[in-house]
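Subject: Structure for you to look at

Hello,

Here is the structure I said I would pass on. Please open it first, then read my notes below with the chain in view.

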Amino acid sequence: MNPFHFLLSRIMSSSASVSVVTEQPQSHGDSMRMNRQGVEAEPRLEMLTSLDQLIIEQKKECIQAYTPIETKNKYVMKNDKSEQVYTAFEDSSFCMRCICRRFRSFRMSILDKEGEEMIRIVRPLQFCAGYCCFVKGDNCCASRITIEAPPGTTIGHVQQRYSLLRPHFSVSDGDGNEELSVIGPLLASPFFVCCIGDVTFRIRNVDGADYGGLTKVWRGLLREIIVLKPCREADEFLVEFHQDLTGKQKALLIGALFLLEFLYFEG
């Protein structure tokens with residue numbers, strides 16, 4: 001063989017082997033990065049999947065009973081055995097709380113037992129809460145919240161819908177596909193909700209089947225209205241989950257509960 005041809009063939013075979021060696025680690029690295037991103041985007045909602053109900057208690061803030069100052073809301077979340085599983089903390093500005101009150105914008109952080117934020121609920125300011133535009137028969141200024149789990153990853157939204165007789169809220173996934181709806185009692189509005197007895201908003205799936213409820217628990221006339229005024233701010237709620245709901249859907253319904261709390265029972 002001609003020495004020149006022999007040398008050229010050796011160079012070509014060496015470069016081919018080098019290209020194979022250098023390409024393989026790149027492919028493996030890309031696959032590892034994709035796997036890590038998938039794991040990081042997966043919501044940390046394992047405990048929610050096993051819960052059939054959740055009790056949410058607002059912590060007492062006595063200053064709200066005797067002054068016009070509105071403090072940031074805090075909540076304790078318990079399972080059906082009264083064991084604390086999560087805590088929730090509102091983040092909002094002083095002006096928003098004192099001027100816009102129940103219609104204010106806020107960010108609600110839900111923390112697990114280790115203090116790590118697992119769910120974030122974000123609500124923009126919507127002062128009229130949709131009711132002024134209901135005269136027009138549309139949803140031009142309806143209340144809306146976004147639910148993130150983990151924070152930074154949107155898993156869905158809760159949107160107030162036009163309804164003449166009963167409150168109606170749509171619960172959709174991150175792509176805007178409606179999965180559930182929440183229907184309130186007759187003639188309820190942010191300015192009037194029957195104050196005697198439990199107030200329940202029913203959860204329905206897309207076929208209209210009952211999938212649980214979001215309930216404002218009535219604690220008695222003395223604690224709610226007449227004598228124990230500081231306790232009025234310490235609202236209690238019960239969330240009942242259908243067994244077929246996923247952890248992600250339960251997180252969306254927790255977001256819906258906080259929207260209802262601010263619209264109908266805050267202040």
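Thr87 is buried, because its relative accessible area is 13% and buried means under 20%. Thr87 belongs to strand β3. Setting aside neighbours within four places in sequence, Thr87 has contacts with Tyr75, Met77, Ser109, Ile110 and Leu111. Please keep in mind that this is a predicted model.

Overall picture

The protein chain has 267 residues, and 44% of them are buried. Its secondary structure consists of six helices and 12 strands. The accessible surface of the chain is about 14200 Å², with 57% of that belonging to carbon and sulfur atoms. Among contacts with a separation of 6 or more, 48% are between residues 24 or more positions apart.

The nonpolar core

In soluble globular proteins, nonpolar side chains tend to be buried together. Here, the largest nonpolar core contains 48 residues. The residues with the most contacts inside this core are Leu54, Ile56, Ile110, Ile119, Ile121, Leu214 and Phe258.

Which element gives the largest share of this core? It is α6, with 13 residues. Helix α6 is mostly covered, as 18 of its 19 residues are buried. Helix α6 runs over residues 247–265, and at 1.5 Å a residue its 19 residues should span 27 Å. The C-alpha atoms at its ends are 26 Å apart, which agrees.

Apart from neighbours within four places in sequence, Ile110 is in contact with Met77, Tyr86, Thr87, Ala88, Glu116, Glu117, Met118, Ile119, Ile121, Ile254 and Phe258. Thr87, where these notes began, is on that list.

Salt bridges

Side chains of opposite charge can pair when their charged atoms come close. How many salt bridges does a search of the whole structure find? It finds eight. Among them is the one between the side chains of Asp91 and Lys72, at 3.7 Å from N to O. This pair links distant parts of the chain, 19 residues apart: Asp91 is in strand β3 (residues 84–91), and Lys72 is in the loop between α3 (63–66) and β2 (74–78). Asp91 is partly exposed, with a relative accessible area of 36%, and Lys72 is partly exposed as well, at 33%. Lys72 and Asp91 are also linked with Arg107 in a network of salt bridges.

Asp210 takes part in two of the pairs I looked at. Its side chain meets that of Arg202 in a salt bridge of 2.8 Å, N to O, and that of Arg204 in a salt bridge of 3.4 Å, N to O. Asp210 counts as partly exposed, at 34% relative accessibility. Arg202 is partly exposed with a relative accessible area of 27%, and Arg204 counts as partly exposed at 28%.

Not counting residues up to four places away in sequence, Asn79 touches Leu51, Gln53, Ile55 and Val85. Asn79 and Asp52 are 27 residues apart along the chain, and their C-alpha atoms are separated by 8.2 Å.

The other loop residue is Pro167, in the loop between β7 (154–161) and β8 (168–173). Pro167 counts as buried, at 5% relative accessibility. Pro167 and Gly184 are 17 residues apart in sequence, while their C-alpha atoms are 4.8 Å apart in space.

A patch on the surface

Some nonpolar residues are on the surface. Tyr162, Leu164, Leu165 and Leu186 form a nonpolar patch there, and together they have about 430 Å² of accessible area. One of them, Leu186, is in the loop between β9 (178–183) and β10 (199–205).

Regards

Key: Residues numbered from 1 in each chain as written. Predicted model: local features only at pLDDT ≥ 70, side-chain atom pairs only at ≥ 80, totals over all residues. Heavy atoms only, no water. Patch = residues over 30% accessible without salt bridge, like charges linked within 9 Å, V, L, I, M, F, W, Y side chains within 5 Å. Areas by Shrake-Rupley, 256 points an atom, 1.4 Å probe, with all protein chains shown as cover. Salt bridge = Lys/Arg side-chain N within 4 Å of Asp/Glu carboxyl O. Helix = DSSP H or I, 4+ residues; strand = E, 2+ residues; numbered from the N terminus. Expected span 1.5 Å × (residues − 1). Buried < 20%, exposed > 50% of the residue type's maximum accessible area, 1.4 Å probe, protein only. Core = buried A, V, L, I, M, F, W, Y, C linked by side-chain atoms within 4.5 Å. Contact = heavy atoms within 4.5 Å.
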